[in-house]
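Here's a quick briefing to read with the model open beside you. Have a look at the chains first, then work through the points below.

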Amino acid sequence: MLNWLRRPKYGSLQRREMPAGIWAKCPRCANLIYRKELERNLRVCPKCNYHHRLSAEERLSITLDEDGFTEFDAGLTSTDPLRFTGYPEKLEEAKQKTGQPEAVLWGEGTVDGWRLVVAALDFYFMGGSMGSAVGEKVARAAEYAHEQHFPLVVFSASGGARMQEGVLSLMQLAKTSAAVGRLHDGGAPYVSVMCDPTTGGVTASFAFLGDIIIAEPGALIGFAGRRVIEQTIRRKLPDDFQTAEFCLQKGLVDMVVPRAEMRRTLATLLAFFGGPRIVPPAPELAPAVSQGAETG
Amino acid sequence: MTKAPDLDRQLAEVEAEIDRMRRLSRDQSLSLDGEISTLETRAEELRHTIYSNPTPWHIVQLARHPQRPRLTDYVASLFTDAIELHGDRLFRDDPAMFAALARFEGQPVVVIGHNKGKDTKENIARTFGMPYPEGYRKALRVMKLAEKFSVPVLAFVDTPGAFPGDAAEERGQAEAIARNIEEMSRLRVPVLVVITGEGGSGGALAIAVGDRVLMLQYAVYTVISPEGCAAILWHDATRAAEAAAALRLTANDLRDLGVADDVLPEPFGGAHRDPDAVFTSVRDALRRHLGELRQVPAPELVNRRYAKFRRLGVLQEMGAATG
């Protein structure tokens, strides 16, 4: 089990959302949880199974093999092409807050030794919104996976297109979807993982174009916002509307996978695809069926 | 110079006064023709001042004008032998999306487009030109027919956006849009897009991944409506005029940003003032661009289309940071 509990490569998981201290309060069930227990549980509430949102770094650190990740285009960031009121300030604030230049990280790594191209969106950076740089990085990830014929795994967590870049943000839907189209043509597999939340323009482009689509439990997934829909149809929507479980029932995603099982599920899929593998299999991961790793 | 919002207010006041006079003259059998005529001259002067130098918000209103030519008008005047096709073969026929086989100047083409209504009744039936997933899937089905028969696709865009409803979400609105964008990006026939009115976000882009994107002078194309943008940014939808300016959504803006390839001039005061002039300018533009695109072999066409969308966006490389 060591592999599951290894020290995060990118420093600590105890950031944001969590007030400082030994105890953390779950935003859903309001129970106090021993912080170390929460971290051991991959930031899933042991009481109510709430999957806390992760930054892109955190996501990669709990998903990829240790020391197996090489980031590409780390310095690539959006500018302010429209001179949009307040955008440079918001960008700067997001950079300060997250220590990242943009709302996505991408690179090459391994899961249980299986090589893959991976991208993770960061909801803490301007709501994971997709502007020019996010679109560019996702497109480059897809193009690189296509050229190398590696599997592509994208973790989405985004409110949608970044309004402050206007129609150029909208064009990122075309850019990323076209790049995924090339990937599909070339035959390299693409797994899309939708985390909380995955909405708007990100759903209407690369996130819903996965060969395999996985959702995290409880994740909000949908195109239009709940309030806009309620105003349009003049009815209240049920509580579970646009949740991962709702999407599974409606046939929109392949599976809902708890965080504790994500690595194992990805490893099983990557083994199925049979791509290149660079390290001998970790004994505790093969065979890739449940070995009693409790979900939160 | 009088500011745009003041002109708008003056015009609204004059129009209200005209209405009041008309009612008065009808209800009380008074003859107010002289007064009404004076006011109408005044209204026309104000409109002239406004449309001589329309703000982005005025242009949004022109793009949404209820009398603006609709898809059916373009189809009637630009094409012959149109055979409308219905349904996505999966769920139902979505009247917000039009699809047809037709001839343009004798040549076979496929026409798709958002189908806004001309009056309230039609608009309700067609959900104001906001398609459901089945609308996008119908459009895709017919675009694939175009590919099969090696005929160009002509797409007419005029929508506030994809329909925001629970049934649309359940049937995969996002997936339908994403699929269309992906498939259009690699369609092996020429794809010409004309944005005639509102280009509302993903709901517009789902039929707008073209080799050439043409825009009418007073059409708009935007990632979010000005009202929605103002509501999110400033929690105040009434600041839509400000948002309209900030979003850079006019045809000229889009040409500057590299999104629109050609801007087609409209008559003074908007397309509805002289629809025939608009049809003529659209016909000329379609002929010219189609003629050019027909010369390009399919693989080259697909490569160029990929490159066209691939380069959109503005980036910055920060030197210091490394992986």
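Predicted model: local features only at pLDDT ≥ 70, side-chain atom pairs only at ≥ 80, totals over all residues.

Residues are numbered from 1 along each chain as its sequence is written, while chains are lettered from A and ligands numbered from 1 in the order in which they are written.

**Chain A overall**

- Chain A has nine helices and eleven strands; helices (H or I, at least four residues) and strands (E, at least two) are DSSP runs, numbered from the N terminus.
- Of the 296 residues in chain A, 54% are buried, where buried means 20 or more other C-beta atoms within 10 Å of the residue's own, exposed means 12 or fewer, partly exposed is in between, and C-beta atoms are placed from the backbone.
- Among the contacts in chain A with a separation of 6 or more, 70% are between residues 24 or more positions apart; two residues are in contact if their C-beta atoms, placed from the backbone, lie within 7 Å.

- Helix α3 of chain A (residues 56-63) is mostly covered, with eight of its eight residues buried.
- Those buried residues include A:Glu57, A:Glu58 and A:Arg59, along with A:Leu60 and A:Ile62.
- What do the buried residues of α3(A) pack against? They pack against β5 (104-111), β6 (114-121), β7 (152-158) and α9 (259-273) of chain A.
- Strand β6(A) is mostly covered too, since seven of its eight residues are buried.
- β5(A) and β6(A) run antiparallel and are joined by eight bridges; strands pair if DSSP finds at least two bridges between them.
- A:Trp106 has A:Ala119 in β6(A) as its bridge partner.
- The hairpin of β5(A) and β6(A) has two residues between the strands, and A:Asp112 takes a positive phi near 55° there.
- β6(A) also runs parallel to β7(A), with four bridges joining them, and A:Val117 stands opposite A:Leu152 in β7(A).

**A helix pair in chain A**

- The axes of α5(A) (residues 132-148) and α6(A) (residues 166-186) come within 9 Å and cross at roughly 5°; axes are lines fitted to C-alpha atoms, for helices over the stretch in contact, with angles from 0 to 180 degrees between N-to-C directions.
- That angle makes α5(A) roughly parallel to α6(A); the label covers angles under 35 degrees, with over 145 counted as roughly antiparallel, 65 to 115 as roughly perpendicular and the rest as oblique.
- On the α5(A) side, the contact residues include A:Val138, A:Ala142 and A:His146, and on the α6(A) side they include A:Leu168, A:Val180 and A:Gly186.
- The residues of this contact between α5(A) and α6(A) split into nine nonpolar, six polar and three charged; Ala, Val, Leu, Ile, Met, Phe, Trp, Tyr, Cys and Pro count as nonpolar, Asp, Glu, Lys and Arg as charged, and the others, Gly among them, as polar.

**Zooming in on A:Gly186**

- A:Gly186 sits in helix α6 of chain A.
- Why does A:Gly186 count as partly exposed? Because A:Gly186 has 13 C-beta neighbours inside 10 Å.
- Leaving out residues up to four places away in sequence, A:Gly186 touches A:His146 and A:His149.
- A:Gly186 and A:Lys36 are 150 residues apart in sequence and 44 Å apart in space, C-alpha to C-alpha.

**Chain B and its domains**

- Chain B is divided into domain 1 (4-53) and domain 2 (63-310), with bounds from an automatic or database domain assignment.
- The C-alpha centres of domain 1 and domain 2 of chain B are 35 Å apart.

**Where the chains touch**

- 54 residues of chain A are in contact with 47 residues of chain B.
- Elements of chain B that each supply at least two residues to the side touching chain A include α7 (166-170), α8 (173-185), α10 (226-234), α11 (240-247) and β9 (315-317).
- α8(B) gives the most to that side of chain B, with eight residues.
- By class, the side of chain B that touches chain A has 26 nonpolar, twelve polar and nine charged residues.
- Strand β4 of chain A (residues 76-78) pairs with β9(B) in the antiparallel sense over three bridges, and B:Leu315 in β9(B) is the bridge partner of A:Ser78.

**A helix pair in chain B**

- The axes of α10(B) and α11(B) come within 8 Å and cross at roughly 105°, and the two helices are therefore roughly perpendicular to each other.
- Residues meeting here include B:Cys229 and B:Leu233 in α10(B) and B:Ala243 and B:Leu247 in α11(B).
- The contact of α10(B) with α11(B) has eight nonpolar, no polar and two charged residues.
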